[in-house]
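Hi everyone, thanks for coming. I'd like to walk you through one structure today, so let's bring it up on the screen.

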Amino acid sequence: ELIAAKDKDVARYIVKELEDQRENDLKLIASENFSSIAVQGAMGNLLTDKYSEGFPFHRFYAGCQNVDEIESIACEKAKKLFGAEHAYVQPHSGADANLCAYWAILNSRVQIPTLAEMGVENVSNMSREDWNKVRHALHNQRLLGLDYYSGGHLTHGYRQNISAQLFDAYSYTVDKNTNLLNYDEIRAMANEIKPLILLAGYSAYPRKINFRIMSEIAHSVGAVFMVDMAHFSGLVAGGVLTGDYSPFPWADVVTTTTHKTLRGPRGGMILCKNEFSESVDKGCPLVIGGPLPQVMAAKAICFEEALQDEYKAYAAQIVKNSQALCEAFISEGLTVLTGGSDNHLLLLDVSPFGLNGRMSETLLRECGITLNRNALPFDKNGPWYTSGLRLGTPAVTTLGMKEEEMKEIASIISNVLKNAHPVRLTKGEKAGQLSKNKAKCPPEVMEDARGR
Ligand code: PLP
């Protein structure tokens with residue numbers, strides 16, 4: 001009511017989003033979940049009115065005594081949950097966490113001329129020439145991460161992302177035959193490239209990664225081993241990915257989001273070895289703007305929830321559901337990449353149906369199923385149309401669904417895809433459709449819609 005009194009449409013769409021997410025849509029988006037009311041309550045309050053640049057008990061703003069406590073609690077719980085040496089809970093998102101981590105690693109590991117060597121007393125009277133020396137040293141470093149088409153994230157060195165401007169970026173891919181990581185190839189690339197950072201982690205890779213082997217590769221060439229566990233941090237927290245398959249204790253720096261499998265508020269976090277803690281804590285103000293105290297409070301609640309036994313059962317069920325979906329798709333004759341899943345997500349190749357990923361996504365959306373189209377390894381259809389779909393089980397598992405429901409979901413999706421008959425619109429048809437539906441529908445969607 002309070003919101004409606006200010007703008008009734010905003011209020012209406014909030015309520016509609018609730019209805020859509022909980023009743024109308026079956027959410028199979030691998031990166032989404034349903035956070036608890038406690039998490040949402042911790043986020044929607046007066047903490048939003050407070051600035052707190054700096055880090056706990058070392059702020060550039062006055063009056064941060066309560067935020068200091070909240071942030072410290074969140075950091076302590078994060079350390080306990082993951083067994084990490086240091087935690088930084090300020091990043092506003094996963095992309096921010098990666099940028100902060102990159103900057104922290106650059107500043108910790110790259111030899112830049114000291115002020116004394118440059119003969120200047122303090123940073124403010126450095127000459128432009130000296131600044132350029134520093135910039136050159138920092139910008140000449142190499143990053144080796146998983147290729148976007150093999151499931152890596154844009155921030156892992158994709159050529160149009162700022163990460164590829166910050167670094168001289170290189171990518172490893174999955175194996176062309178198996179679609180799996182090939183550690184021998186990664187080792188050979190690392191030996192040749194000698195990166196400053198070897199990065200592991202993904203947005204769309206359905207299998208476990210052996211972080212022990214990856215850390216050996218990184219350390220053998222003097223690289224910092226960084227893991228972006230944005231997608232699977234909930235599976236690490238819930239004790240499903242352990243030993244060689246957990247980033248801890250292998251990685252030097254670990255980044256994550258808090259809103260995917262971890263089921264907390266939208267946000268990011270960095271966990272690292274003590275060696276990097278001082279640089280990481282300078283994330284704000286060197287990389288990101290003022291932290292969001294309300295979100296740090298919600299992160300603390302999320303970590304507490306993830307420390308409970310019920311969360312372990314939840315994490316285990318996410319993977320069981322993902323595997324049940326894979327089995328059901330395979331028995332329906334669909335192509336599941338790598339033949340299965342070890343985590344919360346799976347990839348389907350829709351090209352055998354004469355469809356592309358975008359058509360399939362639109363089509364399934366019309367049927368009340370929300371999922372993402374996704375580029376497959378070496379995808380000829382590019383990142384916009386794609387040949388694949390990415391499905392994830394974190395959200396439906398939060399709703400209490402189990403293997404039986406997964407079979408039903410797989411059968412519905414298979415039926416829809418098998419019965420799709422794509423047709424191309426003529427120019428005239430497109431124009432006719434467009435004039436009728438101009439306000440609602442962009443031309444490509446019309447084409448896809450008719451394609452169904
Ligand atoms: N890292 C990975 C592996 C991701 O999958 C994502 C988001 O999908 C991000 C980082 C970026 O997270 P955010 O959208 O919170 O910036």
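Let me begin with a question: which residues in α5 are buried? Before I answer, please keep in mind that this is a predicted model. The buried ones in α5 are G94, D96, A97, N98, L99, C100, A101, Y102, A104, I105 and L106.

How does the length of this helix work out? Helix α5 covers residues 94-109, which makes 16 residues, and at 1.5 Å a residue it should span 22 Å.

The ligand is surrounded by 15 residues, and S93, G94, A95, S203 and A230 are the closest. With three residues, α5 supplies the largest share of that shell.

Let's move over to strand β9, residues 253-257. Five of its five residues are buried, so the rest of the structure largely encloses this strand. In a regular strand, side chains alternate between the two faces of the sheet. For β9 both faces are covered, with V253, T255 and T257 buried on one side and V254 and T256 buried on the other.

And what are its neighbours? Strand β8, residues 224-228, runs parallel to β9 and is joined to it by three bridges; here D228 stands opposite T255. Strand β10, residues 268-272, runs antiparallel to β9, with five bridges between them. V253 has C272 in β10 as its bridge partner.

Definitions and conventions:
Residues numbered from 1 in each chain as written. Predicted model: local features only at pLDDT ≥ 70, side-chain atom pairs only at ≥ 80, totals over all residues. Helix = DSSP H or I, 4+ residues; strand = E, 2+ residues; numbered from the N terminus. Expected span 1.5 Å × (residues − 1). Buried ≥ 20, exposed ≤ 12 C-beta atoms within 10 Å, placed from the backbone. Near = placed C-beta within 6 Å. Pairing = 2+ DSSP bridges.
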